[in-house]
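Hi everyone, thanks for coming. Let me put the model up, and then I'll walk you through a few spots in it.

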Amino acid sequence: MLEPPYPPPPGSPSPRPSAARDCPPAASGCLDVLLGLLLVVLEGLVCAAAVYCLAFARWDPGGQEPAGPPPMDWTPVLVFGGIAAAVCLIAAALIRAGLPRAGAIQILVALLLCAVTVLTGHEDYRRSHPAPASTPSDGPGRSGHQCLSGGDNHECLDSGG
């Protein structure tokens with residue numbers, strides 16, 4: 001910024017940069033936190049509506065039970081991930097607007113939503129990919145050890161190996 005060619009008169013306020021004059025004054029700390037909490041309540045309502053819609057989308061009272069494991073459903077992961085991304089954008093806008101406390105609250109909410117997204121995806125993956133059934137060992141009455149010496153099974157059972 002260029003300095004004026006003459007000094008300011010005594011007692012006049014110091015000149016401020018033009019960018020500082022264009023920005024609105026920041027809200028007080030209490031209003032900043034109140035705005036953050038209000039946004040948390042609104043985001044909670046959005047998440048509750050999403051959970052409600054997703055629960056009814058999966059509910060099939062007259063449907064038949066599928067023969068195998070259900071396929072992976074990416075809808076909850078995408079919905080909660082999208083909500084988390086929107087909350088991140090809101091947090092960035094709040095911080096840029098000079099509301100750091102509301103932005104920090106939004107960042108915490110976004111982290112919580114990211115954790116919910118990962119847990120939802122993990123649970124759906126676990127449900128669609130069940131653990132394989134355990135196979136029985138060599139047979140009933142056996143110790144579960146395989147005879148590697150080339151002898152018969154009775155010899156291996158007696159030797160413990």
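Y52 and F56 sit four residues apart, about one turn, in helix α2, residues 29–58; helices here are DSSP runs of H or I, at least four residues, numbered from the N terminus. A quick word on the source: this is a predicted model, where local features need pLDDT of at least 70, side-chain atom pairs count only at pLDDT 80 or more, and totals for chains, interfaces and linings use all residues. Residues are numbered from 1 along each chain as its sequence is written, and side-chain values use heavy atoms, leaving out hydrogens and water.

Back to our two rings. The structure holds one aromatic pair, meaning ring centres within 6.5 Å, with planes under 30 degrees apart called stacked, over 60 edge-to-face, and the rest tilted. For Y52 and F56 the centres are 4.8 Å apart and the planes at 75°, so this pair is edge-to-face. Y52 is exposed at 55% relative accessible area, while F56 is partly exposed at 43% (buried is under 20%, exposed over 50%, partly exposed in between, with a 1.4 Å probe and protein chains only).

Now, the end of α4. S128 is found in that helix and is buried, at 9% relative accessibility. Its side chain has a polar atom 3.2 Å from the backbone oxygen of Y125, and makes a polar contact with the side chain of H129 at 3.0 Å (N or O atoms within 3.5 Å, one able to donate a hydrogen and the other to accept it within protein; sequence neighbours count only if both atoms are side-chain atoms). Leaving aside residues up to four places away in sequence, S128 touches P69, P70, P71 and M72, with contact meaning heavy atoms within 4.5 Å.

Terms used: Rings of Phe, Tyr and Trp (its six-membered ring) pair if their centres lie within 6.5 Å; planes under 30 degrees apart count as stacked, over 60 as edge-to-face and the rest as tilted. Helices (H or I, at least four residues) and strands (E, at least two) are DSSP runs, numbered from the N terminus.
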